Amino acid sequence: MENRKIPNHVAIILDGNGRWAKAKGKPRNYGHVQGAKNVEIICEQAYKMGIQYLTVYAFSTENWNRPKDEVDALMSLLRNYMKTCLKTAAKNRMCVRVIGDKTRLDEDIRKRIAQLEESTKDNDGLHFQIAINYGGRDELRRAVCGLAEDAAKGRIKPEEIDEAKIADALDTSGLPDPDLLIRTCNEQRISNFLLWQLAYTEFYFTAAAWPDFSKEELEKAIDAYNDRDRRYGLVKEE
């Protein structure tokens, strides 16, 4: 990885847990468990490579439409993951933030999220964002509602709403936009993820299912990123 530009912010759509498990003759939930374990591994590897921000798509607003037993299993996994993440964050000085609409989550999960965010907010290691009950359109809707309320109450004039104020109203306020988006398991769509933030992001798709996504796969993605001619508004990135 020498002499290679490392993306500051990498976003990953974690795809293929269920298909990976099925191919091994295991239930889908087994794939989700292994996928959660791999998140811990990739967080550590990403930071060692010099990545400062990592955002993963864990549970979308559309995932509620999955079979109830699978959703229940995912929520149980999420509860356990919050405990694990708290320990990992303490060990690696990881700053953790959950993006998405938390209101639909059970109260105990919301409390664990609040505890995790509060206890890690001053950590100076990897900035790790987990998208839970997240949808890009829903995020934009919530941001617009907040700005409309501010305008109605006279806190802001409509003509003062610029791109910076919209960005500040999003769940990712204060975070840099992703430089690189990775999606696993050969799917080539963004599935309502970070619609505003991905405006100038490079996309990388891999056949590896998420549980098989390794340090080597991450290096391949970064190599591909380095081969791109990065341009912002027709101005080549130096």
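In what order do the six strands of the open sheet run? Here are my notes; bear in mind that this is a predicted model.

1. The sheet. The order is S3-S4-S2-S1-S5-S6, and the pairing is parallel. At the edges sit strand S3 (95–99) and strand S6 (202–205), each of which pairs on one side only. Going from one strand to the next, the twist averages 20°.

2. S2 against S4. Strand S2 (residues 53–60) and strand S4 (residues 127–134) run parallel and are joined by seven bridges. If you want a spot to look at, Phe 59 stands opposite Ile 132 in S4.

3. H3 on the sheet. Helix H3 (residues 68–92) packs on the sheet and touches S2, S3 and S4. The direction of H3 makes about 165° with that of S4.

4. H2 with H3. Helix H2 (residues 28–49) packs with H3 at an angle of about 20°, and their axes are 10 Å apart. Angles under 35 degrees count as roughly parallel, so that is what H2 and H3 are to each other. Their crossing is right-handed.

5. Who meets whom there. From H2 come Arg 28, Asn 29, His 32, Val 33, Ala 36, Val 39 and Glu 40. On the H3 side they meet Asp 69, Glu 70, Ala 73, Leu 74, Leu 77, Tyr 81, Thr 84, Cys 85 and Thr 88. Sorted by class, the residues of this H2 and H3 contact come out as eight nonpolar, four polar and four charged.

6. H2 with H7. H2 also packs with helix H7 (residues 215–226), here at an angle of about 45° and with the axes 10 Å apart. That angle makes H2 oblique to H7. The crossing of H2 and H7 is right-handed. In this contact, Ile 42, Gln 45, Ala 46 and Met 49 of H2 meet Lys 215, Leu 218, Glu 219 and Ile 222 of H7. The class count for H2 with H7 is five nonpolar, one polar and two charged residues.

7. Aromatic pairs. The count comes to seven. Take Trp 20 and Tyr 30: their ring centres are 5.8 Å apart and their planes are at 10°, so the pair is stacked. Because Trp 20 lies in helix H1 (residues 17–23) and Tyr 30 in helix H2, the pair ties together parts that are ten residues apart in sequence.

How values were computed: Residues numbered from 1 in each chain as written. Predicted model: local features only at pLDDT ≥ 70, side-chain atom pairs only at ≥ 80, totals over all residues. Heavy atoms only, no water. Pairing = 2+ DSSP bridges. Helix = DSSP H or I, 4+ residues; strand = E, 2+ residues; numbered from the N terminus. Axes fitted to C-alpha atoms, helices over the stretch in contact; angles between N-to-C directions. Contact = heavy atoms within 4.5 Å. Parallel < 35°, antiparallel > 145°, perpendicular 65-115°, else oblique. Left-handed = near helix turned anticlockwise from the far one by under 90°. Nonpolar A, V, L, I, M, F, W, Y, C, P; charged D, E, K, R; others polar. Phe/Tyr/Trp six-rings, centres within 6.5 Å; stacked < 30°, edge-to-face > 60°.
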